[in-house]
Amino acid sequence: MVAVRAPAARPALFTAMAVCSGATVANVYLAQPLLDLFARGLGVSSAAAGTVVTCAQFGYAGGILFLVPLGDARRRRPLLAVLLAVTVVMLLAAAAAPGLGMLAAATALACGATVVPQVLIPLAAELAPPERRAGVVANVQIGLMTGIIGSRVVGGVVGETLGWRSVYLLAAVLTALAGSVTVWLLPAETVHRGAAYGRLLASLPGLVRREPALRHACLLHGALFGAYTATWTTLVLVLTHDPYGYSTAEAGLFGLLGLSGTVTAPWAGRFIDRRGPAPILAASAVLTLVTAGAYAAGRAVLACMVAAVLLGNLAVQWSQIANQARIFAHIPDARSRANTVYMVAAFLSGAVAAALASAVYGTYGWGGVCTVQALLALAGLAVVPAVRRHDSKGTP
């Protein structure tokens with residue numbers, strides 16, 4: 001277990017954490033708008049270029065599973081410094097890659113090390129005063145979501161203007177700058193107990209068995225994130241065909257609507273600090289259900305499609321903030337490991353939902369995908385009563 005010697009609730013520290021989270025998580029999504037540039041620059045097919053995106057996702061998932069648990073037993077400053085250094089070196093290697101294989105390998109290693117946000121978020125919850133914990137988590141989440149959305153837009157613009165290698169160079173510079181400032185601002189720590197690495201990983205299944213709050217979070221956010229992923233996976237297919245007929249670039253601009261969730265995130269955090277997470281979790285599930293209907297109507301009405309994108313992003317970000325704030329409050333001695341389990345569950349549910357949505361779209365069309373989203377929203381809503389019963393017992 002790692003303890004902070006002198007908790008520092010300075011706003012500058014939490015701001016740096018948010019910026020660093022955004023700069024580092026962006027590395028996972030850099031390749032998505034660059035596939036055509038990879039194909040042209042490296043002389044490969046677009047399908048082959050897509051392996052870079054796959055390697056990025058697998059690298060990040062592996063980093064969450066195998067590296068994030070170290071946050072419960074190691075000093076975070078040196079841990080973050082090492083992760084940031086490896087990330088920067090691998091981004092530079094990707095920028096200099098002579099071929100697709102080297103690019104994919106460097107990307108996988110960079111994304112495996114760029115799990116910095118998943119170390120910082122539990123640490124932010126630890127450093128924040130209990131009465132402000134959800135608000136602080138929400139602010140760091142704003143940086144995270146801005147990085148995810150901004151990377152796709154900025155990466156596409158920079159790549160088209162200066163070439164894809166410049167995107168990786170820019171990412172290396174931003175990661176180094178944001179990471180250095182954050183590590184410098186972190187307070188000193190002392191290690192009370194350093195568990196062996198193998199024991200840390202072996203403790204994850206037991207954590208799920210012992211902690212109802214963690215099970216609730218995995219089930220509820222897994223369902224809502226799966227619903228979100230199902231529609232986003234196939235949305236571009238709807239927007240690029242009749243009646244809309246947008247180009248891929250125009251359809252991609254719908255991603256900017258995802259910033260809507262960041263506008264209300266601070267309010268959601270403050271509400272959770274005052275009233276608890278259950279009302280926000282219930283609202284997230286209901287909003288996801290409403291979004292399914294709006295998406296279905298959006299097949300022919302643009303205003304409904306825009307409303308669905310806005311509401312869907314609100315719902316998934318509220319769910320993320322509320323679930324993380326809840327598990328950090330209930331599991332203070334294993335926040336990093338709890339976050340590992342939670343994020344792995346979200347990634348798995350998203351992957352399964354994406355595959356399911358693609359298959360359903362091919363057979364039943366957009367209406368089938370919206371039905372999948374509605375069913376997943378109902379599954380998430382069904383977990384809310386268990387959350388209320390558990391929290392009503394007077395636990396944190």
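Predicted model: local features only at pLDDT ≥ 70, side-chain atom pairs only at ≥ 80, totals over all residues.
Guide: Local features here need pLDDT of at least 70, side-chain atom pairs count only at pLDDT 80 or more, and totals for chains, interfaces and linings use all residues. Residues are numbered from 1 along each chain as its sequence is written, and side-chain values use heavy atoms, with hydrogens and water left out.

Visitor: Why is α10 called roughly perpendicular to α16?

Guide: Helix α10 (residues 197–210) and helix α16 (residues 335–391) pack at an angle of about 70°, with their axes 10 Å apart. Angles of 65 to 115 degrees count as roughly perpendicular, under 35 as roughly parallel, over 145 as roughly antiparallel and the rest as oblique, so α10 is roughly perpendicular to α16.

Visitor: Which residues of α10 and α16 meet?

Guide: Contact means heavy atoms within 4.5 Å. Leu200, Ser203, Leu204, Leu207 and Val208 in α10 meet Arg337, Ala338, Thr340 and Val341 in α16.

Visitor: What makes α4 and α16 roughly antiparallel?

Guide: Helix α4 (residues 51–66) packs against α16 at about 155°, with the axes 9 Å apart. That angle is in the roughly antiparallel class, so the pair gets that name. On the α4 side, Gln57, Tyr60, Ala61, Ile64 and Leu65 make the contact, and on the α16 side Thr340, Met343, Val344 and Phe347 do.

Visitor: How do you know whether Gly276 is buried or exposed?

Guide: Gly276 has a relative accessible area of 17%. Buried means under 20%, exposed over 50% and partly exposed in between, using a 1.4 Å probe and protein chains only, so Gly276 is buried. You'll find Gly276 in the loop between α13 (260–275) and α14 (278–297).

Conventions: Axes fitted to C-alpha atoms, helices over the stretch in contact; angles between N-to-C directions. Helix = DSSP H or I, 4+ residues; strand = E, 2+ residues; numbered from the N terminus.
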